[in-house]
Amino acid sequence: VYELDQQRHLGGAGYLQYADHSRFACMQSAGISVDELLAAGIGPVNLETTVRYRRELRAGDEVDVSCRWSWGEGKTYRVEHVLWRPDGDVAAEVTHVSGLLDLRTRRLLPDPKGELRGRAARSTLLGIPAR
């Protein structure tokens with residue numbers, strides 16, 4: 001199985017894929033279509049990713065993934081994921097520093113929180129209070 005290393009542990013890329021899937025599922029649940037963002041010339045980007053491995057995940061293990069958004073006032077925001085096993089043990093923590101890229105100018109948008117708030121049907125799922 002391509003997700004596993006030689007010791008039959010989930011490889012590092014697998015943790016990132018689980019976090020990415022969680023983040024995009026959260027955006028969809030909030031009512032934001034990534035296809036619509038791209039059509040509008042906006043691309044979500046990760047600028048930095050940190051993984052803290054806590055407990056191994058092995059072939060056949062189940063995992064749940066959380067998704068929590070944190071906002072400041074600048075061009076970037078944080079998305080934090082916790083991956084945990086059914087027994088409650090935390091397997092890993094994945095944190096992204098992200099932004100929204102203007103695909104024409106290749107520059108970060110100045111107000112990603114405002115951009116997503118305006119597009120989301122349920123902005124609270126992104127940690128953004130509804131207006």
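The legends below describe close-up views of a predicted model.

Residues are numbered from 1 along each chain as its sequence is written. Because the model is predicted, local features need pLDDT of at least 70 and side-chain atom pairs count only at pLDDT 80 or more, while totals for chains, interfaces and linings use all residues; side-chain values use heavy atoms, with hydrogens and water left out.

**View 1**
Helix 1 covers residues 12-29; helices here are DSSP runs of H or I with at least four residues, strands are DSSP runs of E with at least two, and both are numbered from the N terminus. The expected span of a helix is 1.5 Å times one less than its number of residues. For the 18 residues of helix 1 this span is 26 Å, and the end C-alpha atoms are 26 Å apart, which agrees. Gly 14, Tyr 15, Ala 19, Ser 22, Arg 23, Cys 26 and Met 27 are buried in helix 1, where buried means under 20% relative accessible area, exposed means over 50%, and partly exposed lies in between (1.4 Å probe, protein chains only). Just after the helix, Gly 31 takes a positive phi of about 95°.

Tyr 15 lies in helix 1. Its relative accessible area is 4%, so Tyr 15 is buried. Contact means heavy atoms within 4.5 Å. Leaving aside neighbours within four places in sequence, Tyr 15 is in contact with Leu 10, Tyr 53, Arg 55, Glu 56, Leu 57, Leu 83, Ala 92 and Val 94. Tyr 15 and Arg 52 are 37 residues apart in sequence, and their C-alpha atoms are 10 Å apart in space.

**View 1. Arg 85 in a loop.**
Arg 85 lies in the loop between strand 4 (76-84) and strand 5 (90-102). Arg 85 counts as buried because its relative accessibility is 17%. Not counting residues up to four places away in sequence, Arg 85 touches Arg 55, Glu 56, Leu 57, Asp 61, Glu 62 and Ala 91.

**View 2. Two nonpolar cores.**
A nonpolar core is a set of buried Ala, Val, Leu, Ile, Met, Phe, Trp, Tyr and Cys residues joined through side-chain atoms within 4.5 Å. The largest such core has 16 residues, and those with the most contacts inside it are Met 27, Ile 32, Trp 69, Leu 116 and Leu 126. Helix 1, strand 3 and strand 4 are the elements that give two or more residues to this core. A second, separate core has eight residues, among them Ala 19, Leu 83, Ala 92 and Val 94. Apart from its neighbours within four places in sequence, Leu 116 is in contact with Met 27, Ile 32, Trp 69, Trp 71, Leu 100, Leu 126 and Ile 128.

**View 3. Strands 3 and 4.**
Strand 3 (residues 68-71) and strand 4 pair in the antiparallel sense over four bridges; two strands pair if DSSP finds at least two bridges between them. A hairpin of four residues joins strand 3 to strand 4. Ser 70 stands opposite Arg 78 in strand 4.

**View 6**
Rings of Phe, Tyr and Trp (its six-membered ring) pair if their centres lie within 6.5 Å; planes under 30 degrees apart count as stacked, over 60 as edge-to-face and the rest as tilted. By this rule there are four aromatic pairs. Trp 69 and Trp 71 form a stacked pair, 6.2 Å centre to centre with 10° between the planes. Both Trp 69 and Trp 71 are buried. Trp 69, Trp 71 and Tyr 77 form one aromatic cluster.

**View 4. Salt bridges.**
Side chains of opposite charge can pair when their charged atoms come close. A salt bridge is a side-chain nitrogen of Lys or Arg within 4 Å of a carboxyl oxygen of Asp or Glu, and a search of the whole structure finds seven. Glu 80 and Arg 68 meet in one of them (2.3 Å, N to O). This pair links distant parts of the chain, with Glu 80 in strand 4 and Arg 68 in strand 3, 12 residues apart. Arg 78 and Glu 80 also meet in a salt bridge (3.6 Å, N to O). Arg 68 is partly exposed at 48% relative accessibility, and Arg 78 is partly exposed at 37%. In helix 3 (residues 112-119), Glu 115 and Arg 119 lie four residues apart, about one turn of the helix; their side chains form a salt bridge (2.7 Å, N to O).
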